[in-house]
Amino acid sequence: MTARTRRVVEGLIERTLWACAAVSVLVTVGIVLVLVWEAAAFFGEVSPAAFLGGRTWTPLFYDPQFGVLPLVTGTLLVAVIAMLVAVPAGLLIAVYLSEYASTPVRRFGKPALEVLAGIPTVVYGYFALLFVTPWLRTVIPGLAGLNALGPGLVLGLMILPLVSSLCEDALSAVPRGLREGAFALGATRLQAAVGVVLPAAMSGVSAAVILAMSRAVGETMIVAIAAGQQPRLTANPLVPIETMTAFIVQVSLGDVPRDTTAYRAIFAVGLLLFTGTLGLNLASDWLRRRMPGAVR
Amino acid sequence: MRRSRLLPACGLVVVSTLALAACGGPPAPVRAVVTIDGSSTVYPLTEAMAEEYHRAVPDTRVTIGVAGTGGGFRRLCRGNLDVATASRPIAPAEAAACRTAGVAFVELPVAYDGITVAVHPSNTWVDALGVEELRRLWRHEAQGRLLRWSQLRPGFPDREIHLFGAGADSGTFDYFTGVITGAPRDSRGDYTASEDDNTLVQGVAGDPGALGYFGFAYFEANQEYLRAVPIRLREDGPAVLPTRDTIRSGEYQPLARPVFVYVNARSLDRPDVRAFVEYYATHVGDVANDLGYVPLDDRVHAAIRARLAARQTGSLYGVEAAAPARTLAARLGLDPP
Amino acid sequence: MIGARRLDGLVHGLGASVLVLALSALGLLLWDVVHDGVGRVSWAFLTGYPSRRAATAGILPALAGSVWLVVMATAMALPVGVGGAVALEEYGSRGRWARLIEINIANLAGVPSIIYGLLGLGLFVRALRLEHSLVAGAATLALLMLPLVIITTREALRSVPVSLREASLALGATKWQTTWHQVLPDALPRLLTGLILAVSRIVGETAPLIVIGALAYVPFVPDGPWSSFTALPIQIFAWLARPGTGFRENAAAGILVLLVVLLITNSVAIWLRDRSSRRRDA
Amino acid sequence: MGPQHPGRPGGPHAAESAEVGPKIALRALSVSYGDRRALTTVTLPMQAHRVTALIGPSGCGKSTLLRAINRMNDIIPGTRVEGDILLDGESIHAAGTDVVALRRRVGMVFQKSNPFPKSVFENVAYGLRITGVRDRRDIEERVEESLRAAALWEEVRDRLHAPALTLAGGQQQRLCIARALAVQPEVLLMDEPASALDPMATQRIEELIHGLKRTYTIVIVTHNMQQAARVSDTTAFLWMGQLVEYGRTEDVFTAPRERLTEDYVTGRFG
């Protein structure tokens, strides 16, 4: 092969590879285009103010209302319940694994936790609907069969390994010297962890929390199966609610004609969901870059 | 040594995806499939027929989707569906869309379906409900206002009423709201809505203050956990309990209706579609009973099979599609109007 | 000081109990599924077709559909993902474009899967009219998988020592020859591990498939990429939506099958990782 | 009077080239990594069929200089090069220069032996295969030839298909030399080739270098003063990115012109 053909071939290969990399940008562009295109048609019929500010979500009714707040509160309610489980538990586990646990415990505990992250969400939905909620109903009288609490708790269990492993990364990124400095001053491991390591790892921990929030907000199957499909502006975890994702599933499964406002609403809701999670992801990314010893 | 295997693969995928986009669609499947889509209410029936047929003729391929009655009609009238299932007759606008697209269909009522209004078995205070009472309970004006049993009828206990009903994107919702509140889709929104009748059954079965509506099939399958409420069509009329007999005879009004399959007339030229649909029309009575639908009576059944054999296209229902007043037999000309 | 020490012990104990609690919840979940479903798993269940009778319903079309989906999605996502990762990692300048693509990929990995469903619905199902075909489903899952493949491939490439690249380049190998003959083979075990984890993620994906329009009844094994399909998680979801305890058992049994599929793929991943680390030590 | 360089004149410490037409000529070469300057305006000729040793304390820019000759620095992001390097009188930075072809002419051996995780045979054959040699017999011949030239043939002839990583450290380094020789370069760059080896293996490498200079122009970076004295014909002393002194090895070691050089070679610092 002559040097010339070699250079041509190499150039061709390099361009192809970059084209492959650019596909990922196309995916993002595709997502934005599809969502914006369909949502634009939706906003031609429903004003953005009515969408974002309205308190009633009844897109399929006689007198349709497209106030997305009930879906947003439903989503946040479930996500907050999940965070109440996942953040303290995940942080405790992270502190325990990185500061206290013996090597065998760590070597067993970490992959065992990872298993939790690998279980498909439809399985968690099953667990929430047919195990957790029935059990909760024996404890909490008046708990509806479909509610925000059960799926919220299960969702918390699902994102727990994410929180714990990211927090642990953040903790172990703290230079050893800081810790040893604290020990040298006679601090206990807890004092070292709380007084020195945690503050130093704060940006990493916050990044983990925000990423977990993004995951919780975007989770679909658990809430579609076990949270009910009742858009409701409430902070009561005992009653059925509907999340943004569950609404999209509901419409996808149901009998909604395609060129109706109600159908286009799934793209408007999708756009809101995409924007929200994107904001959270970017925030998390930004914080992670501020971790001590962050690479790149 | 080979220069590269990764690269051609990479290029191939990109190129083939683009080529696909350029051609605008897939080639015909290797083996023909009878495609069915539509009502979730009719799904159990259609599934059963497909299953029995699959057992009899194993190499026929049938797929069933549950895009809903409207979704089924849309696909049918776009010409990319063989059979649409429906829990209501085709609407004039939908039929017009079919005509515009040049799609003719054969309309086949296949069974009756009743909507059951049910309460918790421990509910002792509801003897029967009138349509007017149901209207006051379910219309959108009741939202946030009619919240207690005592508000529905003086004398009912002063406790919260918890409502369960079909999801707003189901045929059952369309039908129930249409006949009860008077306008399709006119409904209050503060109730537990689900596409999944099982969810509703569970909800009502688990809540002594509950009232819900769903398909008779689901009620029948779970009747040990539920109590059906007799319905009074007129103030002075009799209260009718939903049973197979009352549904078939037309006594249980207005909450009983026929369900349909609509076959693309062009698809009937294909032997696999014709064989399946004929099997469906012939044997539907055998399984309808088991599934809690009410089978057509023999006269109607025979008339329907004759329609299929003759490939008679068009709908028995005109502009008054939603009005259930005329029985099937009357529409088919078997009874005087 | 005593107080602090006691508190220290408390946190130690608390951390350990929370870990145990989380793992017990995992155990409980598995026990629940096994308890509900193990009675239904049989050869007939694995090779059976869907049925309205819970006791005779089988999972074969869903199992086959999942296999088709995964193979097709991988075939689409793998070359593009690996190619993109190679571009970023081996050819990457620190230019603005590379930076943009990097941020983009990091964010794509965090996009909720249901959004990919909306993309697939708008792009494959509607614009390209692929309807309920395996191609539409697999393409949607491939897009979902792409950022995962890129990220894990980049990690695998990063684990390849620079000295290997230098050795090859110093001999007058081109960048691509170096990548193809030295870097990719060396990264292969880790790459496969990452790939299998990505695969096990999409095996369990339900929401995007529902959004692009899943069929409820598919009583046959797909015979080609244009065939209609159903998949394991969709079948499980469909069974969950049915009344009667029989179908719940089926759902549990379906979950067992799904978990076994995942267990197998993950075991392969672990085996590959161990094999590669042994080779590295040698 | 030699012709004036068109660019900046060499620093005061640059040695005048005694012969015309050096194999390699560095002209006011500066290299920076990002903000860090690693090499500052080095002008240095290297004669054909000679061994040139680069000495100096760690971080003085020896390796940077070496890697500049076959443009290996290109693969480090953020590297900036000013000045020029001529190979046989032609700039290696000229527009249209084929880096791949350059590296085939200028082979390199690294500080830490880095055989490919393949068999001994495939390690040596790799350079041939990527240049398009297909004929099996040709390849076998050249592999044997290269292994002989690297004084490794007798030790590995029976285990050609064993993994290269099972060889001893010194053998691995000689395999890397054989691998570099197989593509028949004109120049051989060696970056502390013996620093990780025991004295016996080091001695073998040094003997090898002696033999190789008949065929190749060799540039060697070394930490080891004795080694530089033993193997090289000319020596360049670098300090903090600058060329301090350059001349015949004997002169640099016995009669350095600069105080800094004297301090270094006598071990007063470094």
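Two residues are taken to be in contact when heavy atoms of theirs lie within 4.5 Å. On that basis, in this predicted model, 24 residues of chain A are in contact with 32 residues of chain B.

**Interface of chain A and chain B**

- Chain A and chain B bury about 2300 Å² between them, and 57% of this area is on carbon and sulfur atoms.
- On the side of chain A that touches chain B, the elements giving two or more residues are α1 (3–45) and α10 (244–253) of chain A, and α1(A) gives the most, with five residues.
- By class, that side of chain A has 13 nonpolar, six polar and five charged residues.

**D272(B)**

- D272(B) belongs to helix α11 (residues 271–288) of chain B, and because its relative accessible area is 18%, under the 20% cut-off, D272(B) counts as buried.
- Leaving aside its neighbours within four places in sequence, D272(B) is in contact with A32(B), V33(B), V34(B), Y53(B) and T60(B).

**Sheet in chain D**

- Four strands of chain D form an open sheet with antiparallel pairing, in the order β2-β1-β4-β5.
- Since β2 (36–46) and β5 (90–91) of chain D stand at the edges with a single partner strand each, one side of each is left without a neighbour in the sheet.
- Strand β1 (residues 24–33) of chain D runs antiparallel to β2(D) and is joined to it by seven bridges; A25(D) has P45(D) as its bridge partner in β2(D).

**Salt bridges**

- The side chains of E166(C) and R67(D) meet at 2.8 Å, N to O; E166(C) lies in helix α7 (residues 162–170) of chain C and R67(D) in helix α1 (residues 62–69) of chain D, so the pair joins two chains, and both residues are buried.
- R37(D) and E82(D) meet in a salt bridge at 3.1 Å, N to O, linking strand β2 with strand β4 (residues 79–87) of chain D across 45 residues; R37(D) is partly exposed at 41% relative accessible area, as is E82(D) at 35%.
- R257(D) and E245(D) form a salt bridge whose closest N and O atoms are 3.7 Å apart; R257(D), at 58% relative accessibility, counts as exposed, whereas E245(D), at 3%, is buried.
- Salt bridges that share partners join E51(B), E52(B), R55(B), R52(C) and R53(C) into one network.

Conventions: Residues numbered from 1 in each chain as written. Chains lettered and ligands numbered in written order. Predicted model: local features only at pLDDT ≥ 70, side-chain atom pairs only at ≥ 80, totals over all residues. Heavy atoms only, no water. Buried < 20%, exposed > 50% of the residue type's maximum accessible area, 1.4 Å probe, protein only. Buried area = accessible area lost by both parts, 1.4 Å probe. Nonpolar A, V, L, I, M, F, W, Y, C, P; charged D, E, K, R; others polar. Pairing = 2+ DSSP bridges. Salt bridge = Lys/Arg side-chain N within 4 Å of Asp/Glu carboxyl O.
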